[in-house]
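Me: I am new to this structure. Please take a close look at a single part of the fold and walk me through it.

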Amino acid sequence: MAWSQAHVPDQTGRTALVTGASGGIGLETARVLAARGAHVLLACRSVGRGRAAAARIGGSTEVVRLDLASLDSVREAAGRVRSRHGHLDLLINNAGVMFPSYRHTEDGFEAHFGVNHLGHFALTGLLLDLMTAVPGSRIVTVASLAHRAGTGSLDEDGARSSTGRRSLTAYGRSKLANLLFARELHHRLATSGAATASLAAHPGLSPTGLWQGDAPRFLRPVAAAGLRWLAQPPDRAAGPALHAATDPHVPGGAYLGPSQLFESRGAPAPARSSRASRDVAAQDRLWRLSEGLTGVRYTFLSAPAEAEPYGAVCPVTGARG
Ligand SMILES: NC(=O)c1ccc[n+]([C@@H]2O[C@H](COP(=O)([O-])OP(=O)(O)OC[C@H]3O[C@@H](n4cnc5c(N)ncnc54)[C@H](OP(=O)(O)O)[C@@H]3O)[C@@H](O)[C@H]2O)c1
């Protein structure tokens, strides 16, 4: 039987943090977790929108101010979570921007890369020790079909580039970074013996606020047609992340997405990903770059040199599954 939200098990006693829970897929993810009994931290850029979301969701929630475009805000949010909670069961790295109105984050990073990847890299690193001893704890990072558009090298110049605001390549690169990060995190968690699993998911296509950015002209008709014919509503688009977060049978390192129409819609299933996303050397390089750029080091995990290989080896040379 295909997975549906009805399969999300009881989450009573668990604490979950969802970034970008003020709307779209994040709100639906938070809603389901709260409805199943979890205490859900809605990590939102605007406290007002977060409170409005909490009122819609019901259940046990709290709003944490988090602007992923500011490393100071990320540190403040992590500090607030740490001061109020001794552990965290689920971290859903969901928030994202596409074609935003600004070129750079507060710290001078290209907006897509800074918000979608670096902000989540820093947040995860600052919260991870609340999770590593918690049995069944999971980190789910939300990627995209568009990770395939993420060509070019992920280096410091790219991270600070000023040409990405209306670039599908820049959005795709940030989503490729989400996948590389989720896999490298899985590798490091597994080799350090942590109880936490890292997984990735993508929602397919869904008509959310994400599509209200300042898209390049050539993309607008393609996007409009795609959303009309292929998309699914946000409650269904939240399925892959919810499945990855709550089904203990889905192993760490997995990547889920919708199963139908080129992974644009349908029930969650294992998703396909680009060769670039399975490049082990790129995963490690991005990790080191991200540590350097954010100043957040995951020091309690094994250094990569000590790490054992993990998971299935893919047919692609040097790639992990
Ligand atoms: N919708 C799709 O077709 C689609 C396809 C592939 C992947 N995705 C991915 O799915 C995830 C959710 O997107 P969505 O479709 O639900 O879009 P959405 O409706 O625009 O929601 C995005 C969320 O991210 C938050 N956000 C934006 N910038 C932020 C920042 N600097 N700090 C903290 N939060 C911030 C937004 O908060 P505000 O309310 O403050 O703006 C909002 O809550 C994203 O990672 C996106 O890349 C979506």
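Reply: Start with helix H6, residues 168–192. At 1.5 Å a residue, its 25 residues should span 36 Å, and its end C-alpha atoms are 36 Å apart, so the two agree. The expected span is 1.5 Å times one less than the number of residues. Helices here are DSSP runs of H or I with at least four residues, strands are runs of E with at least two, and both are numbered from the N terminus.

A word on the source: this is a predicted model, where local features need pLDDT of at least 70 and side-chain atom pairs count only at pLDDT 80 or more, while totals for chains, interfaces and linings use all residues. Residues are numbered from 1 along each chain as its sequence is written, and side-chain values use heavy atoms, with hydrogens and water left out.

Of its 25 residues, 20 are buried, so the helix is largely enclosed by the rest of the structure. Buried means under 20% relative accessible area, exposed over 50%, and partly exposed in between (1.4 Å probe, protein chains only).

Next, the two ends. Just after H6 comes Gly193, with a positive phi of about 80°.

For contrast, turn to strand S1, residues 15–19. Here 5 of the 5 residues are buried, so S1 too is largely enclosed by the rest of the structure. Thr15, Leu17 and Thr19 point one way from S1. Ala16 and Val18 point the other way.
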